[in-house]
Amino acid sequence: MRKRFLAAILAVAMTVSLPGCGSASTAEEVVETEETEEGEAIYIEEEPEEENVAEEAIEETETDSEPVYEEVFYTVEVSAANEDGTYTAYDTTSAYLITLAEEISDETKELFAEGTVLTVTTLVEATEDLSTDTVEAEESADTSESDSSTDTEEAVSFDYDTVIEITVVDAAVVEDAEASALVQLVFGNENGYTVQDMDETTMYATRSVNVRSGPFADTDKLGTLSKAQEVTVTGLTSTDWYRVSYNGGVAYVSANYLANEKPTTTTTAATTT
């Protein structure tokens, strides 16, 4: 019995010490260690992902910040109030479709009457300011180009077919002198001529002459003035026609055939001699 017991103990000891051999408990410990190491590696890899999420959230917050707006002003003549609540207006170069902002006051809305000249205010998103050096360089270039083209510069062109849409947040009436100048320019751009207002003056036809709807020979004929017939003149157009009062309305007669002094008329006998 004693020899068998010792032999059994020796066998167990040899089994434990043999290379490549291990007990079940040792294998389990190795497996647990490997799993623990894998778990730690996964945990280390996940930490940067959490930081990236936080950084992305910060970037999104910065991107979603409110834009900055600046005021832009236009001086326009209101041409018409449209059925949809908008207004059509013109300046010397462009046509505008104006929408009034919800916050605009009722008092300001009342300014938008046909024929009124207004300075209107709209808001546009502000752009990043240029550096001082860049601005100075651009201004210098603009000045050089302007100086070189002064002699050949043409009149400013207008394009009323292209409509600029703006939302107005405020408006103010323009003084009479500036308003009158703009009205004349807009009228000229729309019609191809301008009119210089005159005090009502009585003038006379120097011969039988046509009265027309516009200051051009190809416009509609409204009637005729006989020689020495008087007419009330109210203005002179850039096309050298007089604007006259005729049959309760406005008409035009060529300036070549009206005079301040009434011409003499001759009898039939005198004409034939």
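**Burial, strands and rings**

Of the 273 residues of the protein, 23% count as buried, where buried means under 20% relative accessible area, exposed over 50% and partly exposed in between (1.4 Å probe, protein chains only). This is a predicted model, in which local features need pLDDT of at least 70 and side-chain atom pairs count only at pLDDT 80 or more, while totals for chains, interfaces and linings use all residues. Residues are numbered from 1 along each chain as its sequence is written, and side-chain values use heavy atoms, with hydrogens and water left out.

The protein has six helices and twelve strands; these are DSSP runs numbered from the N terminus, helices being H or I with at least four residues and strands E with at least two. Contact means heavy atoms within 4.5 Å. Among the contacts with a separation of 6 or more, 64% are between residues 24 or more positions apart.

Consider the barrel. Five strands close it in the order E1-E2-E3-E5-E4, with mixed pairing; two strands pair if DSSP finds at least two bridges between them. From one strand to the next the twist averages 55 degrees. Axes here are lines fitted to C-alpha atoms, for helices over the stretch in contact, and angles run from 0 to 180 degrees between N-to-C directions. Helix H5 (residues 176-191) packs on the sheet and touches E1, E2, strand E4 (117-125) and strand E5 (159-173). The direction of H5 makes about 65 degrees with that of E1. Strand E1 (residues 69-81) and strand E2 (residues 87-90) run antiparallel and are joined by four bridges. Alanine 81 has tyrosine 87 in E2 as its bridge partner.

Next comes a run of hairpins. Strand E9 (residues 230-237) pairs with E10 in the antiparallel sense over four bridges, and threonine 232 stands opposite serine 245 in E10. Three residues lie between E9 and E10 in their hairpin, and aspartate 240 in the turn has a positive phi of about 70 degrees. On to the next strand: E10 and strand E11 (residues 249-254) pair in the antiparallel sense over six bridges. Their hairpin has two residues between the strands, and asparagine 247 takes a positive phi near 50 degrees. Strand E10 (residues 241-246) has five of its six residues buried, so it is largely enclosed by the rest of the structure.

Arginine 243 has its place in strand E10 and stands opposite tyrosine 252 in E11. Is arginine 243 buried or exposed? It counts as buried because its relative accessibility is 18%. Its side chain makes a polar contact with the side chain of aspartate 197 at 2.9 Å. A polar contact is a pair of N or O atoms within 3.5 Å; within protein, one must be able to donate a hydrogen and the other to accept it, and residues adjacent in sequence count only if both atoms are side-chain atoms.

Finally, the rings. The structure holds six aromatic pairs. Tyrosine 74 and tyrosine 96 form a tilted one, 5.2 Å centre to centre with 55 degrees between the planes. Rings of Phe, Tyr and Trp (its six-membered ring) pair if their centres lie within 6.5 Å; planes under 30 degrees apart count as stacked, over 60 as edge-to-face and the rest as tilted. Tyrosine 74 counts as partly exposed at 22% relative accessibility, whereas tyrosine 96 counts as buried at 4%. Ring pairs also link Phe187, Tyr193, Phe216 and Tyr252 into a cluster.
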